[in-house]
Amino acid sequence: MVFIALSRALGDMMRPRIFALVLTGIALTIGLFIALQAGAFFLIRTFVPGGFTLPFWGPIDFGSVLSWASLALFPLIGFFLMAPVAAAFAGLFSEQVADAVEDTHYPAARGQPLDFMDGLLESLAVMGAVIGVALLSLLTMPILGPFSPVLFYGANGWLLGREFFQMAARRHLHEPEATALRKINNARITWAGVLIALLLTVPVVNIVVPVLAAATFTHLFHLIRGTSVPAR
C-alpha cells in the first residue's frame, strides 16, 4: 500500500497544479539554504577573531579562512536540515497538494481545507522535534556508531509520517478520529515516513520531497480509508 501511494504521488508530480508547487518549493528551499549559508559565512567572518602568518604568504585571518571553509559544510547542512524544512513546508503546501490530488483521484471524497495557521503551527512543532532528532543523532554518533542512522531515519520517519498523515486525515476527520486512525496504522505510516526521510537525504531529489510527501500521504489516507470517507 505504501509503494502504491508513493508511485501514484510520483505520477502526480508533473500535473500542472502540483508541478507549480514543486517549482515554488524548489525556489523557497534553495533561497532558504543560500540564506543560511550566507548568514553562517558572514557571522564567522565578522566575529571570529585572530589569525596567523605563513612564510612567503603573509597574514592569514581566521575568520576569512573559516568562513570560506564553511561552504564545504553546505551538503552536511542539507543532510540534517532537509527533514525539518520538509516539516515546515508541509504547512505551506500540504493543503494545496491534497486539494489537487483529491480533485484528480478522489473527486467523490474531497476533504475540507484546514485552517492555515493550525497546519503551520503543527508543522513548526514537528520541525522543532525533527531538529532535536538531528542534534541527538549527532551527539550519539560516537556512541551508537553505525546504528546512528537507524535512530536518525527511524525517528524522522515516525515524526514525518505522523505530521503528513495527520494533515491528510484531518481534512476528512476530526482530530481525535484522525489520531486514532493514525495509531491503528502506525507501522504502515511510519514506513512511509522512513521512505520520505531517506529521500530527504538524497541531494537534489530532496528539494521536491515536501510536495511528494504531501501527495503520498494523501493517497495513503485514501488507500487506508477508501473513497467512502465522509467529509466533516
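**Close-up 1. Helices α6 and α9 cross in a right-handed manner.** In this predicted model, α6 (148-169) and α9 (209-225) pack with their axes 8 Å apart and at an angle of about 60°, and the two helices are therefore oblique to each other. On the α6 side the residues that take part are Gly161, Phe164, Phe165, Ala168 and Ala169, and these meet Pro210, Ala213, Ala214, Phe217, Thr218, Phe221 and Ile224 of α9. Sorted by class, the contact of α6 with α9 has 10 nonpolar residues, 2 polar ones and no charged ones.

**Close-up 2. Helix α1 packs with helix α8 at an angle of about 45°.** The axes of α1 (residues 2-12) and α8 (residues 186-200) lie 10 Å apart at this angle, which makes α1 oblique to α8, and the crossing of α1 with α8 is right-handed. Val2, Phe3 and Leu6 of α1 make the contact with Arg188, Trp191, Ala192 and Leu195 of α8, a set that by class comprises 6 nonpolar residues, no polar residues and 1 charged residue.

**Close-up 3. The largest nonpolar core has 39 residues.** Within this core, the residues with the most contacts are Val97, Phe165, Val211, Phe217 and Leu220. At least two residues of the core come from each of α1, α2 (16-47), α4 (74-105), α6, α7 (175-184), α8 and α9, and α9 gives the most, with 10 residues.

**Close-up 4. The surroundings of Leu220 include Met1 and Val2.** When its neighbours within four places in sequence are left aside, Leu220 is in contact with Met1, Val2, Ala5, Arg188, Ile189 and Ala192.

Technical notes: Residues numbered from 1 in each chain as written. Predicted model: local features only at pLDDT ≥ 70, side-chain atom pairs only at ≥ 80, totals over all residues. Heavy atoms only, no water. Axes fitted to C-alpha atoms, helices over the stretch in contact; angles between N-to-C directions. Helix = DSSP H or I, 4+ residues; strand = E, 2+ residues; numbered from the N terminus. Parallel < 35°, antiparallel > 145°, perpendicular 65-115°, else oblique. Left-handed = near helix turned anticlockwise from the far one by under 90°. Contact = heavy atoms within 4.5 Å. Nonpolar A, V, L, I, M, F, W, Y, C, P; charged D, E, K, R; others polar. Core = buried A, V, L, I, M, F, W, Y, C linked by side-chain atoms within 4.5 Å. Buried < 20%, exposed > 50% of the residue type's maximum accessible area, 1.4 Å probe, protein only.
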